[in-house]
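Student: Please pick one part of this model and go through it closely. Then place it in the chain around it.

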Amino acid sequence: MPGMSALDAVLAAQSVVETLGGGSQPDRVEARQMQALSLGVHIPIVCFGIAFPAMILFVEGLYLRTGDPAYKALAKRWSKVALVLFAVGVVTGTILSFEFGLLWPEFMASFGEVFGVAFGLEGISFFVEAIFIAIYVYGWDRLPRRTHFLAGVPIVISGFTGTFFVLSVNSWMNNPQGFDVVDGQVTDPRPWEAMFNPNLWHEVVHMYLAGYIVAGFIVAGIYAYAHLKGRRDKYHRTGLVVALSFAALAAPVQVIVGDWAGRQVGKTQPVKLAAFEGLTKTQKSAPFTLGGLYDEKTGEVEYGIEIPWLLSLLSEHNPTAEVTGLDSVRPEDRPPVNIVRIAFQTMIAIGTGLALLGFIFFLTWLRKRRLPRTRVFYLAVMAAGPAAFVAMISGWIATEVGRQPWIVYNVMRTEQAVTNADGLEVGYAVLVAVYVALAVAVVWLLRRLTAAPPHTEVSQAELPRTKVAH
Amino acid sequence: MAEICLAFVMLGVTAYAIFGGADFGAGFWDLTAGTAEGGGRLRGMIQRSMAPVWEANHVWLIFVLVIVWTAFPVAFGSIFSTLSIPLFVAAIGIIFRGAAFALRGQAGTIREAKVLGGLFALSSVLIPLFFGAAAGGIASGRVEVGNAAGDPITSWVNPTSALIGVLAVVTGAHVAAVYLAGDSVRAGVPDMVQAFRRRALGSGVIAGLVALGGLAVVRSDAPDLFDGLTSGAGLAAVIASGLGGAATLALVFAGRYGLARVSAGVAVGAICLGWVFAQDPYFLPGELTLDQAAASDASLTALVFAVGVGMIILIPSLWYLYRLVLKGELDQEFEPLDQRFRPQSAGGQPPAGAGQ
């Protein structure tokens, strides 16, 4: 709710009454962890949903232009992987939507009408994605070439719109607006205002790029391994160059977007920014502290390296600007600083490294028109995939744990939203077991999928192009 | 506006009951197909039919959820907190069903295929059973407004829930057999046409008997629901469903599978509609009328507009997918599921995800 002072917001929050009349219960930690686990499984898969179709279409485009079967084999192989990951995304995404109701019924009952329209549009995007990914993957060698290529375009578009609408809801939770609170009741919902809240834009761009970085580096890492193993034919080289190019283009841009995101958070969620930095007191010319651990008792960061003025410079682009500290709100309204801060700094550190790696790749390409030759570069690319994954998850931890103790920032506390149903610990245990099994199965499947030699993707008639005869 | 949103919900529920239900029904036939060798042909046909469409069919469920939590948020919170057990079990089932089905296509040995197939098939039966039980809890007025206000057990362990759960499994199996018989005709595999024809007829008769016998259960367990189903629009829908079912049996008997697809859909759709008529004006029977359940007008208008615009893209896309499927454009070669693992063809076969 824009224009509210922090105190007003707290007062308004105290007067929000749970719509379903249920109170808090002590085991909300399990509810939060179940949700976090499910998101942690779903989001990396979504990265492939965001980025993989564009990479596949790029390679298919090369095939259409050149007719080289190596491109076709690669695009076809990738599309099968994409389909499997999409299937996993479908089921893990379903779990998420169930959990909204199973874990957070009060949240849904109070605010479903405010943010729900975005999910309606996300549902449509998801539908379109499911339809065209089936047409695309099962349409290889069946649909006319151009039609087949065009059938891939809606997958890319709906991947973007789906991300957009989901992040609309998340950004709204972080910067809620488009409703009033009257006598504890949510009234006058204005769904479009909620959907296009000011946090939306940087979150969408930040996550969309993260999708390309994570998926790009993970795929590139697999081909970097193949490169070191001596598989350097056109098929493998294309796989490496395409995936790496997508990731390497996105990684440096992400640094700029990250700066934008950080400043936006400083405006709309100053306490979260203070937690990112472990800044206890509101102060001018605030320093940035690198590393170290935040001590809840003293409010100081121990063992960190302090760089004067940098935080003010980063958050306001002005070295003497005032930065809000954690002490601007009561202790019970602050997020757990160490988790948030460590996650945030991990993201920054890895993100910087990935941007550098991307930069090296492009510099070599521009100056020498070839791939780097050093072994360490390929090892770095192999490490970049898992690192990008860690950076992205860290970013989400910083965002979501940094939002605590609120489910709707400054309006509804997380413990107000949770279900009264028993047995959360049983559900949690089952879910952990299921996800472990799922992860093992998917890794096993992807290994099997990539084990078959590439030429099995194209018919024998296509391979020696001069010998095509019927 | 609330009525339009309810219509969206029912569109989604009906489509999920027909198409999603048919996919679960296919799992039922997979489960009962017998040994790996004996059931290999049935399973191959099921794998081939479901592969291109099951994900799109599944999205109807998501569609229903998002409309309900936006347009009827209090009902959504009440339903999910009271019926948390069956809905959680169904959700876990959904993970196993989808993942195991996708993975079975890549199985490398008959053992792997058996384990994955068993998981897929078993969860295909559990999901409609538990969804049906949850629906029964709603229809029989056992969900109270509030955060887990209804009984966590008897809200879904009761005669009506048992009935609707079983009915969901049986009708899914019936619709699946009708569709698979049609797909077998297109694939030119006569023995599979006969196999699914027999199953369609048998399951159709059983579904009819369960539905008729079920009326007695509903009458004693949920009299209000019974009254709604035996008078006015509810009765008309029940009769339409019965006629649709009878027509399906006749058409399957006559070998007219294309028309049977439609009439089977009518039979399932009509009973879903009958449920809505029967509990009119309630969204949660005895607790919350449609108007009480509805979100404010601004939200409903925005949702109707958003989904309406979305439909302009969605409907042609769905039409395109189903047209390609029914014309056989996305068909793979028919191959018995166990054939890949027979010694003479081991190794050389591409994985089942591949269009040859």
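Tutor: H174(B) belongs to helix 7 of chain B, where helices (H or I, at least four residues) and strands (E, at least two) are DSSP runs numbered from the N terminus. This is a predicted model, in which local features need pLDDT of at least 70 and side-chain atom pairs count only at pLDDT 80 or more, while totals for chains, interfaces and linings use all residues. Residues are numbered from 1 along each chain as its sequence is written, chains are lettered from A and ligands numbered from 1 in the order in which they are written, and side-chain values use heavy atoms, with hydrogens and water left out.

With a relative accessible area of 8%, H174(B) is buried; buried means under 20% relative accessible area, exposed over 50%, and partly exposed in between (1.4 Å probe, protein chains only). Its side chain comes to 3.3 Å from the backbone nitrogen of G204(B). Such a polar contact is a pair of N or O atoms within 3.5 Å; within protein, one must be able to donate a hydrogen and the other to accept it, and residues adjacent in sequence count only if both atoms are side-chain atoms. Apart from neighbours within four places in sequence, H174(B) is in contact with A200(B), S203(B), G204(B), T248(B) and L249(B), contact being heavy atoms within 4.5 Å.

V169(B) is also in helix 7 of chain B. At 12% relative accessibility, V169(B) counts as buried. With neighbours within four places again set aside, the contacts of V169(B) are F28(B), V125(B), P128(B) and L129(B). G132(B) is 37 residues from V169(B) in sequence, and their C-alpha atoms are 8.3 Å apart.

Helix 2 (residues 40-50) has 10 of its 11 residues buried, so it is largely enclosed by the rest of the structure. Among those buried residues are R43(B), Q47(B) and R48(B), as well as L42(B), M45(B) and I46(B).

The loop between helix 11 (257-279) and strand 1 (282-284) of chain B holds P281(B). The peptide bond leading from D280(B) to P281(B) is cis, with omega near 5°. Most residues other than glycine have a negative phi, and most peptide bonds are trans.

Now the chain as a whole. Chain B contains 13 helices and two strands. Its radius of gyration is 21 Å, close to the 21 Å that the globule rule gives for 356 residues, so chain B is as compact as a globular protein of that length; the radius is taken over C-alpha atoms, and the rule is 2.2 Å times the number of residues to the power 0.38. The C-alpha trace of chain B spans about 65 × 40 × 40 Å along its principal axes. Of the 356 residues, 61% count as buried. Among contacts between residues at least 6 apart in sequence, 79% join residues at least 24 apart.

Chain B carries 19 positive and 22 negative side chains, with the centres of the two sets 14 Å apart. Lys and Arg count as positive and Asp and Glu as negative, with His and the chain ends left out; each charge is placed at NZ of Lys, CZ of Arg, CG of Asp or CD of Glu.
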